[in-house]
Amino acid sequence: MSEWRKVKIGAFLKERQGKHKPDAPAIAGLKRLNKIDFSGRIHLSDKPTKTDMIIVHSGDLVISGINVAKGAIAVHQGVEPIAATIHYSTYEFNDSLIDIDFLKRFLKSPAFMSALKEQTKGGIKTEIKAKNLLSIVVKLPELTEQKAINQKFHAFENELVALASEISNQQTYLAKLRQSILQEAIEGKLTADWRAAHPVCLGDPNTDAAALLATIQTEKQTLIAQGKLKKEKLLPPISNNEMPFALPEGWVWVRLGEIIKESPRNGYSPKEVSYPTTVKSLKLGATTLGVFNPNKFKYIDEHIPEDSYLWLENGDILIQRSNSMDYVGVSAIYLGEKNRFIYPDLMMKMQIFPPLTAFFAHLSLSAFTTRQYFRRQAKGAQTSMPKINQHTVANTLLAFPSLAEQHAIVERVDRLLASVNALEQQVAERQRHAEQLMQAVLKEAFAG
């Protein structure tokens, strides 16, 4: 192994000069560089821009000043020149001194990041200019050793690709396993043995879902007559073609609106302030993953009366009424103190009617058939953020077991999902280890 010599990057890279206005004849008709992805591929565009441009010639090394350390560096392989905004820089390079693949890897290494921090003095800037890059002093081996290092990296990267593929397959499998558990739970398949040991006793809410539903309906009517609940619009009867699967004995179909205290209500989204106040409003990310995250909130500087419906209570179910198609309709249970958070306009809130708890309703809302229902019903002018409304949520069809079986289902789902969570953590740890290993290899390879 030869001794590595110290050189400035400018010794083997030469920046091409020249900036052009967007309408300059020199760049007329040229394809525009849209982006360089982190794998080093150039993506072109015909879309015009108002930013000053540079010209990238065939064989040039072109670098994104914003994302160079993430791998946004490429050689333009096309025959014709292309235009790029001044957020890029383009270089001729001396291939007798530098191997381009070696340089790409070096620019991702801790050694480069350390040299860049030292050069810029104030730390890494958001955009690295050519003057910063070219003056950095690096340790460089001979060209033959650069190529040898590349070969070792190539073999190691192939191993990482295989590992990444395996990790991805495991993540996909666990996601399918999680969804399968929820779906089998709401179809009664997880508790077939429980029903065998607890046969239906007609009229008993603990084993007869029809009796449980009748009890809830009677109590709701009593509270409405006493003025303690609002009278809601009648929900349509459930038709046979709506039912996605056959129910076990002792179960009934219900609409969500039949087992909640009142119709779902949208929240409120006032302007965020940059200083602490007494009112915390949840952000959409507080429930996006299907579990409540108390760290996703903003402060608002408004008075919200203590008796406002906007304040959350323990056991409230929050549903995302607007999000991307993958997340619209996602629900989470608020488990926390009363009057600690309000919720935003992009969520709906509802409370399950006692003696039911939110846990069975939540797992039902998270199952595949229910998620598909929300996706089918989601509409809106913004295709990136489709919406569901209160009518859609109230009409959600749920497979409804007896009270005791609901508790049995929740207990089994919790136990099974705890095992899935543990496996997902192991997979995530393997992924972190692979990323750390790559950084360690980079550090060792470019230590000189």
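The side chains of Lys189 and Glu187 form a salt bridge, with N and O 3.1 Å apart. A salt bridge is counted when a side-chain nitrogen of Lys or Arg lies within 4 Å of a carboxyl oxygen of Asp or Glu. The model is predicted, so local features need pLDDT of at least 70 and side-chain atom pairs count only at pLDDT 80 or more, while totals for chains, interfaces and linings use all residues. Residues are numbered from 1 along each chain as its sequence is written, and side-chain values use heavy atoms, with hydrogens and water left out.

Lys189 is exposed, at 52% relative accessibility. Glu187 is buried, with a relative accessible area of 18%. Here buried means under 20% relative accessible area, exposed means over 50%, and partly exposed is in between (1.4 Å probe, protein chains only).

The structure holds 17 salt bridges. Side chains of opposite charge can pair when their charged atoms come close. Arg255 lies in strand β11 (residues 252–255) and Glu242 in the loop between α6 (209–225) and β11, so the bridge ties together parts 13 residues apart in sequence. Helices (H or I, at least four residues) and strands (E, at least two) are DSSP runs, numbered from the N terminus. Arg255 is buried at 3% relative accessibility. Glu242 is partly exposed at 33%.

Arg16 forms a salt bridge with Asp60, and their closest N and O atoms are 2.6 Å apart. This pair links distant parts of the chain, 44 residues apart. Arg16 sits in the loop between β2 and β3 (32–36), and Asp60 in the loop between β5 (53–56) and β6 (61–64). Arg16 is partly exposed, with a relative accessible area of 26%. Asp60 is buried, at 2%. Arg16, Asp60 and Glu92 are linked in a network of salt bridges.

Glu92 also has a place in a sheet: Lys14 stands opposite Glu92 in β9. β2 and β9 (residues 88–93) pair in the antiparallel sense over 3 bridges. Two strands pair if DSSP finds at least two bridges between them. Strands of a sheet pair through backbone hydrogen bonds, either parallel or antiparallel. The open sheet has 4 strands in the order β2-β9-β6-β7, with antiparallel pairing. Its edge strands, β2 (13–15) and β7 (73–75), each pair on one side only.

The largest pocket has a volume of about 1200 Å³. Of its 32 lining residues, Arg178, Leu182, Leu289, Gly290 and Ser366 are the closest to the centre. A pocket is an open set of points on a 1 Å grid over the protein atoms alone, where a 1.4 Å probe fits, with protein on both sides within 12 Å along at least five of seven lines; lining residues have an atom within 4 Å of a point. Points are joined across faces, edges and corners, and a volume is the space filled by probe spheres set on them. α10 gives the largest share of this lining, 7 residues. The lining divides into 18 nonpolar, 8 polar and 6 charged residues. Ala, Val, Leu, Ile, Met, Phe, Trp, Tyr, Cys and Pro count as nonpolar, Asp, Glu, Lys and Arg as charged, and the others, Gly among them, as polar.

The second largest pocket holds about 570 Å³ of space. It is lined by 22 residues, with Glu232, Lys233, Leu234, Leu235 and Gly257 nearest its centre. α6 supplies the largest share of this lining, 4 residues.
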